[in-house]
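Colleague: I am new to this structure and would like to understand the words used to describe it. Could we go through them together, setting each value against its definition?

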Amino acid sequence: MKKIIIVANPTAGHHSQSRIARFTRHLAQAGLPASVAHTHYPGHATILARDAAESGLYSHIVAAGGDGTIAEVSAGMVGTSAILGILPLGSANVLAHELRIPFNEIRNAALIRAGHFTTIWPGYLHTQAGPQLFVQMASIGFDAHIVHTTSTRLKARIGRAAYAVSTLSSLLRYGLTEFTVLIDTVPHRATTVIVSKGSLYAGKYALTRHSAHKDKKFSVILFETSGKLALMKTVLSLFLGRIGRQKGVRTLTAATVQVPSPAAIPIQSDGDRKGFSPACLDISPSPLRVAVTPAG
Ligand SMILES: Nc1ncnc2c1ncn2[C@@H]1O[C@H](COP(=O)(O)OP(=O)(O)OP(=O)(O)O)[C@@H](O)[C@H]1O
């Protein structure tokens with residue numbers, strides 16, 4: 001009989017030993033023996049997930065954390081037959097909202113037991129630091145500056161509200177730079193680019209109408225605005241769910257995105273800082289199986 005391993009990030013926003021213990025207990029009651037491996041440093045989740053996938057002992061590898069933990073676990077198991085489970089214990093948990101993963105441990109354990117999964121195609125971000133898998137979205141420009149300047153301490157204290165603080169200070173301080181972005185090799189000019197697999201942003205805000213998780217494509221949202229006032233309106237429209245109708249914003253579909261600019265434009269993926277441009281983004285050559293409810 002195959003087992004379950006839970007890769008838990010103790011630094012994730014809503015990490016909870018008691019919730020993991022309850023989840024493990026419910027899995028055991030359903031006849032699924034589960035063990036827990038805690039991460040000790042950034043990137044450790046990839047090593048733990050890779051070892052688990054290569055051992056062939058586990059049907060499911062569960063990422064207990066937020067989008068950053070899910071991305072690191074996914075990087076270790078993408079292309080294998082193991083199924084990714086998600087126990088949403090992060091700050092924003094965008095992928096979990098997107099795939100309608102139960103936040104309740106009892107319902108989540110039942111979902112793992114039922115064995116349903118969907119197949120998604122994650123993205124890869126290539127920078128000077130090497131290739132890094134992302135599951136939900138990456139961005140270059142203003143949006144990434146927010147992530148770069150969000151205080152880890154404040155995030156630990158007030159959770160997602162720390163991003164609101166950083167958004168306001170970034171609106172005042174970020175020097176908007178226009179750069180060239182190649183979308184499926186076609187050049188465009190923008191001050192920010194959001195490259196998204198999903199349809200949601202920062203939790204449950206609507207970014208696009210269509211989720212591209214099951215496609216070998218991204219949704220690419222270009223901010224063509226160059227003034228601060230226009231940027232403020234764009235940010236407001238994002239949080240009001242009206243970004244699709246905002247002047248100076250364009251949504252395209254693509255399989256590759258390149259930002260050749262050597263001008264050190266900030267980059268983030270799945271809510272974590274990922275250095276600066278130049279960068280290239282493409283679709284993972286192998287898919288990922290993710291445990292979901294039949295409706296998810
Ligand atoms: N033991 C650890 N010590 C320090 N950092 C860690 C450790 N384990 C993982 N990390 C790092 O923590 C980062 C943040 O984790 P994660 O994204 O899951 O939580 P979050 O930021 O609260 O959630 P969300 O992305 O949903 O807002 C990960 O990208 C990972 O690199």
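Modeller: The chain is divided into domain 1 (3-115) and domain 2 (124-283), with bounds that come from an automatic or database domain assignment. This is a predicted model, in which local features need pLDDT of at least 70 and side-chain atom pairs count only at pLDDT 80 or more, while totals for chains, interfaces and linings use all residues. Residues are numbered from 1 along each chain as its sequence is written.

Colleague: How far apart do the C-alpha centres of domain 1 and domain 2 lie, and how many residues does the contact take from each?

Modeller: The C-alpha centres of the two domains lie 26 Å apart. The contact takes 15 residues from domain 1 and 18 residues from domain 2, where two residues are in contact if their C-beta atoms, placed from the backbone, lie within 7 Å. On the side of domain 1 that touches domain 2, α3 and α4 (94-98) each supply at least two residues, and the largest share, six residues, comes from α3. The names of such elements follow DSSP runs numbered from the N terminus, with helices (H or I) of at least four residues and strands (E) of at least two.

Colleague: How do you know that the ligand lies between the domains?

Modeller: Domain 1 and domain 2 both give residues to the shell around the ligand, so the ligand lies between them. The shell holds 24 residues, and the closest are Gly13, Pro42, Gly66, Gly68 and Gly90; a residue is near a molecule if its C-beta atom, placed from the backbone, lies within 6 Å of it.

Colleague: Which helix gives the largest share of that shell, and what classes does the shell have?

Modeller: Helices α2 (44-55) and α3 (67-77) each supply at least two residues of the shell, but the largest share, four residues, comes from α3. By class, the shell has six nonpolar, 14 polar and four charged residues, where Ala, Val, Leu, Ile, Met, Phe, Trp, Tyr, Cys and Pro count as nonpolar, Asp, Glu, Lys and Arg as charged, and the others, Gly among them, as polar.

Colleague: What makes α1 oblique to α5?

Modeller: Helix α1 (residues 17-29) and helix α5 (residues 105-114) pack at an angle of about 40°, with their axes 9 Å apart; the axes are lines fitted to C-alpha atoms, for helices over the stretch in contact, and angles run from 0 to 180 degrees between N-to-C directions. That angle makes α1 oblique to α5, because angles under 35 degrees count as roughly parallel, over 145 as roughly antiparallel, 65 to 115 as roughly perpendicular and the rest as oblique. Residues making the contact include Arg19 and Phe23 of α1 and Ile106 and Ile112 of α5. By class, this contact has five nonpolar, two polar and three charged residues.

Colleague: Which hand does the crossing of α2 and α3 have?

Modeller: The crossing of α2 and α3 is right-handed, a word used if the near helix is turned clockwise from the far one by less than a right angle, with left-handed for anticlockwise. These helices pack at an angle of about 35°, with their axes 7 Å apart, and Ala49 of α2 and Val73 of α3 are among the residues making the contact.

Colleague: What is the peptide bond from Ser277 to Pro278, and where is Pro278 found?

Modeller: The bond from Ser277 to Pro278 is cis, with omega near 5°, and Pro278 is found in the loop between β18 (272-276) and β19 (279-283).
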